[in-house]
Amino acid sequence: GDTVVIEKAGEVIPAVVRVVLEKRTGSETHFDFPRQCPECGTPVVKEKTAAGEGAEWRCANPDCPAQIRGRIEHWCARGAMDIEGGGEVLVSQLVGQGLVRDVADLYRLKLEEVAALERMGEKSAANLIEGLALSKQRDLWRLLFGLGILHVGAGVAKALGRAYPSLDDLAAAGATQLQGVEDIGEVIAKSVEEWFADSRNRQLIERLRAAGLNFQ
C-alpha cells in the first residue's frame, strides 16, 4: 500500500529509490516474504554476491518440480535452443508424466510417447521431435545460455562462446581465467566455475554429449 519513488535502472528495470513516508495513511500492511518454496516447501535462501547479500530469494532444492519445469522451458525457448512446441503446457505434461526430469531427457523422447499426451496429436509430436533433432546443431552460445547457469544471459553466453572453442575448454577454465574474458566479472566467473564443478551438471553434460549436441 506504500507510495514509492522509482527510477529506471539499466535498460528497463524499475528500481525503488525511497518510500514516500508523508503519504502513509496507516492503512498500509506489512508484507511477509515467503520463507518456503510454494511448490516444494524447501526453505528459500537469499543469493550471495561479491558485495555480500543480494536481493533475490531462491528455492535451494534443485529437484523442485517448478525448477525442473523452468529449466526445461528455458532450454526450449526461442532465445535459447529454439525448440518448436516446447512450451509451458507441454513441458508441464512431460514432467508430470515422469517422461522428462532434465533437458537431456528430452532427447530420449519417442514420437508415440509425446503423441499420447493430452492435446497432442501425431503432427504436433512430430514437430517437437524434429525440433529436438534440429537443436543438436545450434551454436555453442545457445547451449550455454540454455543450460541456465546463474548470471549467464545471452550476451555473456556469446562472449564465452567467442572466447572458448568448445564446451570442454570452457568447463576446464577456472574463475581467474574466466575473468580475462570481455564482460565477465568475478560474480559471473565464480558462478560458471561452480556450475561446471557440480557433479550433477557434469553428468548432464555427458548425457547431452551422448545425445549428439554440438559442443563446438
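Me: At what angle do helix α1 and helix α2 pack, and which residues make the contact?

Reply: The model is predicted, and what follows describes that model. Helix α1 covers residues 65-76 and helix α2 covers residues 88-96. The two pack at an angle of about 130°, and their axes are 10 Å apart. An angle over 145 degrees would count as roughly antiparallel, and 65 to 115 as roughly perpendicular; α1 and α2 are therefore oblique to each other. Their crossing is right-handed. On the α1 side, the contact is made by Ile68, Arg69, Ile72 and Glu73. On the α2 side, Glu88, Val91, Ser92 and Val95 take part. Sorted by kind, the residues of this contact are 4 nonpolar, 1 polar and 3 charged.

Now the cysteines. The whole structure was searched for disulfides, and 0 were found. Cys40 and Cys59 show why. For Cys40, the closest cysteine sulfur is the one in Cys59, at 3.6 Å. A disulfide requires the two sulfur atoms to be within 2.5 Å, so the sulfur of Cys40 is too far from that of Cys59 for a bond.

Cys59 has a relative accessible area of 18%; buried means under 20%, so Cys59 is buried. Cys40, at 29% relative accessibility, counts as partly exposed.

Key
Residues are numbered from 1 along each chain as its sequence is written. This is a predicted model: local features need pLDDT of at least 70, side-chain atom pairs count only at pLDDT 80 or more; totals for chains, interfaces and linings use all residues. Side-chain values use heavy atoms; hydrogens and water are left out. Buried means under 20% relative accessible area, exposed over 50%, partly exposed in between (1.4 Å probe, protein chains only). Axes are lines fitted to C-alpha atoms, for helices over the stretch in contact, and angles run from 0 to 180 degrees between N-to-C directions. Helices (H or I, at least four residues) and strands (E, at least two) are DSSP runs, numbered from the N terminus. Angles under 35 degrees count as roughly parallel, over 145 as roughly antiparallel, 65 to 115 as roughly perpendicular and the rest as oblique. A crossing is left-handed if the near helix is turned anticlockwise from the far one by less than a right angle, and right-handed if clockwise. Contact means heavy atoms within 4.5 Å. Ala, Val, Leu, Ile, Met, Phe, Trp, Tyr, Cys and Pro count as nonpolar, Asp, Glu, Lys and Arg as charged, and the others, Gly among them, as polar.
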